[in-house]
Amino acid sequence: MFERFTRGARATVKGAVAQAERAGASSVTEEHLLLALLEQEGGRAAFAATALGLHDRRASLDAAFAEARRRGGLTKADTDALAGIGIDLGAIVSRVEGAHGEGALDAGRRGRRWWSGHRPFTPGAKTVLENALRVALGRGDRFIGEEHLLLALTAKPGVVADVLADHGATYTAVQRALYGSVADGGDGEGDAGQGHAQAG
């Protein structure tokens with residue numbers, strides 16, 4: 001699959017590893033892929049990210065990811081489901097942090113390595129890479145570019161897709177920014193969603 005990656009897509013994957021190293025994380029996540037993607041310049045995905053205002057709201061994205069890590073990586077859907085059965089996640093986070101310190105539920109804190117070495121990709125990050133292939137195939141593209149990675153990040157349910165959607169970057173909005181009318185070319189969203197179902 002990696003032989004189909006464009007130079008920019010390969011740089012994004014390498015950049016995600018560097019993001020994980022800088023954060024002291026033991027593995028490469030979807031968040032690292034997105035942050036590395038936002039550092040790329042000159043490609044179609046960079047244009048779409050700029051058009052959607054993601055570069056201008058980088059601090060807001062970082063804050064949203066930090067808050068999600070405080071919640072132990074739970075998505076909005078998870079939080080809403082817990083609230084539906086009477087569990088106030090905010091109160092639980094406050095109590096845990098009161099007893100164990102700020103960020104105690106941050107899964108990335110556990111098992112941190114401060115030395116350089118191989119960092120595996122999480123299952124979620126691997127699914128994004130697989131879905132990028134499905135998005136490319138759905139569009140009839142013979143390559144996997146940064147734009148396919150960006151679409152795959154919006155298609156995989158989870159914290160990254162939630163944060164992107166909160167910042168106006170849904171699958172449809174990204175597709176429109178990349179290709180104009182959503183009707184142009186292949187849909188891709190169905191393919192990516194099917195990939196998540198198969199891989200998840």
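Trainee: In which kind of crossing does H4 pass H9, left-handed or right-handed?
Mentor: Happy to start there! This is a predicted model, where local features need pLDDT of at least 70, side-chain atom pairs count only at pLDDT 80 or more, and totals for chains, interfaces and linings use all residues. Residues are numbered from 1 along each chain as its sequence is written, and side-chain values use heavy atoms, without hydrogens and water. A crossing is left-handed if the near helix is turned anticlockwise from the far one by less than a right angle, and right-handed if clockwise; H4 passes H9 in a crossing that is right-handed.

Trainee: Which residues of H9 make the contact with H4?
Mentor: Contact means heavy atoms within 4.5 Å. On the H4 side, Leu61, Ala64, Phe65 and Ala68 take part. Their partners in H9 are Val159, Val160 and Val163.

Trainee: How many helices does the protein have?
Mentor: Helices here are DSSP runs (H or I, at least four residues), and strands are E runs of at least two, both numbered from the N terminus. The protein has 0 strands, and its helices number 11.

Trainee: At what angle do H7 and H8 pack?
Mentor: Axes are lines fitted to C-alpha atoms, for helices over the stretch in contact, and angles run from 0 to 180 degrees between N-to-C directions. For H7 (residues 123–139) and H8 (residues 146–155), the axes lie 8 Å apart. H7 and H8 are therefore roughly perpendicular to each other (65 to 115 degrees; under 35 is roughly parallel, over 145 roughly antiparallel and the rest oblique). Their packing angle is about 115 degrees.

Trainee: How many polar residues are in the contact of H7 with H8?
Mentor: From H7 come Val128, Leu129, Asn131, Ala132, Val135 and Ala136, meeting His148, Leu149, Leu151, Ala152 and Leu153 in H8. Ala, Val, Leu, Ile, Met, Phe, Trp, Tyr, Cys and Pro count as nonpolar, Asp, Glu, Lys and Arg as charged, and the others, Gly among them, as polar. With 9 nonpolar and no charged residues, the contact has a polar count of 2.

Trainee: How far apart are the axes of H3 and H10?
Mentor: H3 (residues 44–51) and H10 (residues 171–179) pack at about 120 degrees. Their crossing is right-handed. The distance between their axes is 9 Å.

Trainee: What share of the residues in the protein is buried?
Mentor: Buried means under 20% relative accessible area, exposed over 50%, and partly exposed in between (1.4 Å probe, protein chains only). Of the 200 residues in the protein, the buried share is 44%.
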